[in-house]
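Please keep the sequence and the coordinates open while going through the points.

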Amino acid sequence: MSTLFHIGQYFMLLRDVFSRPERLSLYWRRTLEEMDLLGVKSLGIVALLSAFMGAVITIQTKTNIDSPLIQAWVVGFATRQSTILEFSPTVISLILAGKVGSNIAAEIGSMRVKEQIDALDIMGVNSAGYLILPKIVATVLMNPFLVMISMFLGIFGGWLAGVQTGIVVSDDFIMGIQLGFKPFHVVYALLKTVVFAFIITTISAYHGYFTRGGTREVGISSTRAVVYSDVVILLANVVLTQLLLL
Amino acid sequence: MITVEGLGKRFGSVQVLQDISAVFHKGKVNQIIGRSGSGKSVLAKCMVGLHRPEQGRVLYEGESFHDMGLEEKRAVRQRIGMLFQGSALFDSQNVIENVMFPLRMFGTMSRSEMEDRAHICLKRVNIVDKDRLFPAELSGGMQKRVGIARAIAMEPQYLFCDEPNSGLDPQTSIVIDDLIREITEEFGTTTIVITHDMNSVMETGEHIIFIHKGRKWWEGDRDKLLRSDNQELNEFVFAGSLMRAVKRSLKEEG
């Protein structure tokens, strides 16, 4: 019953979020600010994680398939496939759920407990739309760029680690990257990213928007936002993979 | 003028407000007083539409607020200014941006006109040369004054103040009380102040409603308040030693 209540309340919040904005220019300005805060400022962690994760994928693949029967280019091939299909869109989205999701829930939750959302409502502002819509637009636009950068850096990190440690020859790795490449896999990854960005932003905003109490509850909302975003991302990953790849 | 008719509100099994009826007059400081937890803030939140009452209705100039459509409600809300207990200034915006916010959202002014209007409002509450400061850099009293400036930026017809003196020293409280009274007279607003501060009641209370256990227990003005024989009201009003001294001197005067 409680789950149904939350699902209903979530969709009612979305209805308010997508209702007509009062002043488009103000929404647009807020969207640009959110693109910087939620997108550009996540670039560092995405770059760092992607490069190291690519390196680990390469080293682990090589150590686990070290057989004369397996061709040398397989390491590059496995690194590319793992990075494009799963690591960059899904793992990076899970990490962004932690960084961006908790930020959104904490910001909106603090505004709720400090009565700033009440102040917006009393002024006649659609508080849900004003606070949440720019964040949705920002993450849906920015996360695909972050994931593309992650794909590049993941594969580059793998190549660098492989060549520097001497476990793979550069030409073999590059051949593996190019072999049997399907552009649709990138499209699939970006589609997943857009859906995951929507999930992260709306679920986190929902938990922040309906925070009741004080600072302790803001912390609880923030944690819930990350946990529920992660669970829904993993469920959506299975559904989207079935729909798009099978 | 705001009219409340038979208002009732419950949260779960707890009946917070019961059958409250009152008329709040234009150009007057109307005060809702009562102990903590008596339901006065819930009453104010029902009046501005943040809570939906289960019984009764709230009429703005004769129009039932809760029966209005979304757009009509927004139009009424644009005529309401509200000062919150914690000021509720937007942390990410500086002083001038906070005051300009309702103008930018709903006004038709140019940027320079909006800045001029914001400066007039800030000057009215005696805040000058603080435009670029953020709320966290202001004292509690200054935050309240900026809150008042934001509330009057759109020249509201109705001004709600929720515990305007909470957390302020007595001198700053008097400054805020004076501002509320002056603004009510200047703009002719229907002002509703929720408070349990008896100093504030004595300073500004022209029309006072005492809420007790979710019901309207008493209604009158300052003079009647001091001479009332209502037991619950007297226990609330004369709880402090200063007010007891006032009571004693009134008795001595006969």
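1. Leaving out residues up to four places away in sequence, Phe160(B) touches Ala44(B), Val48(B), Ile80(B), Met82(B) and Ile192(B). Contact here requires that the C-beta atoms of two residues, placed from the backbone, lie within 7 Å. The model is a predicted one, in which local features need pLDDT of at least 70 and side-chain atom pairs count only at pLDDT 80 or more, while totals for chains, interfaces and linings use all residues. Residues are numbered from 1 along each chain as its sequence is written, and chains are lettered from A and ligands numbered from 1 in the order in which they are written.

2. Phe160(B) also belongs to the largest nonpolar core, which has 116 residues; together with Leu43(B), Met82(B), Val99(B) and Ala149(B), Phe160(B) touches the most other members. Helix α6 (residues 127–165) of chain A contributes the largest share of this core, 13 residues. Such a core is a set of buried Ala, Val, Leu, Ile, Met, Phe, Trp, Tyr and Cys residues joined through C-beta atoms within 7 Å. A residue is termed buried if 20 or more other C-beta atoms lie within 10 Å of its own, exposed if 12 or fewer, and partly exposed in between, with C-beta atoms placed from the backbone. Helices (H or I, at least four residues) and strands (E, at least two) are DSSP runs, numbered from the N terminus.

3. Ile80(B) lies in strand β6 (residues 80–83) of chain B. Ile80(B) counts as buried because 24 C-beta neighbours are found inside 10 Å. Neighbours within four places in sequence aside, its contacts are Ile122(A), Val48(B), Pro156(B), Tyr158(B) and Phe160(B). The C-alpha atoms of Ile80(B) and Ala151(B) are separated by 7.8 Å, although the two residues are 71 residues apart along the chain.

4. The contact between the chains takes 13 residues from chain A and 15 residues from chain B. On the chain B side, α2 (70–77), β6 and α3 each supply at least two residues, and α3(B) gives the most, with four. The chain B side divides into ten nonpolar, two polar and three charged residues. In this classification Ala, Val, Leu, Ile, Met, Phe, Trp, Tyr, Cys and Pro are nonpolar, Asp, Glu, Lys and Arg are charged, and the others, Gly among them, are polar.

5. How do α3(B) and α5(B) pack? Helix α3 (residues 95–106) and helix α5 (residues 140–152) of chain B have axes 7 Å apart, at an angle of about 30°. The two are therefore roughly parallel, a term for angles under 35 degrees. Axes are lines fitted to C-alpha atoms, for helices over the stretch in contact, and angles run from 0 to 180 degrees between N-to-C directions. Val95(B), Asn98(B), Val99(B), Phe101(B) and Pro102(B) of α3(B) meet Val146(B), Ala149(B) and Arg150(B) of α5(B). Six of these residues are nonpolar, one is polar and one is charged.

6. Helix α5(B) also packs with helix α6 (residues 170–187) of chain B; their axes come within 10 Å and cross at roughly 10°. This pair is therefore roughly parallel. Gly141(B), Lys144(B), Ile148(B) and Ile152(B) of α5(B) make the contact with Thr172(B), Val175(B), Ile176(B), Leu179(B), Ile183(B) and Phe187(B) of α6(B). These residues comprise seven nonpolar, two polar and one charged.

7. Ser87(B) has a positive phi of about 75° and Ala88(B) one of about 55°, although neither is a glycine. Ser87(B) counts as buried because it has 24 C-beta neighbours inside 10 Å. Helix α1 (residues 40–47) of chain B is itself mostly covered, with seven of its eight residues buried.

8. Chain A has nine helices and zero strands. Of its 246 residues, 43% count as buried. Its C-alpha atoms fill a box of roughly 70 × 40 × 35 Å along the principal axes. Phe52(A), in helix α3 (residues 43–64) of chain A, counts as partly exposed because 14 C-beta neighbours lie inside 10 Å.

How values were computed: Angles under 35 degrees count as roughly parallel, over 145 as roughly antiparallel, 65 to 115 as roughly perpendicular and the rest as oblique.
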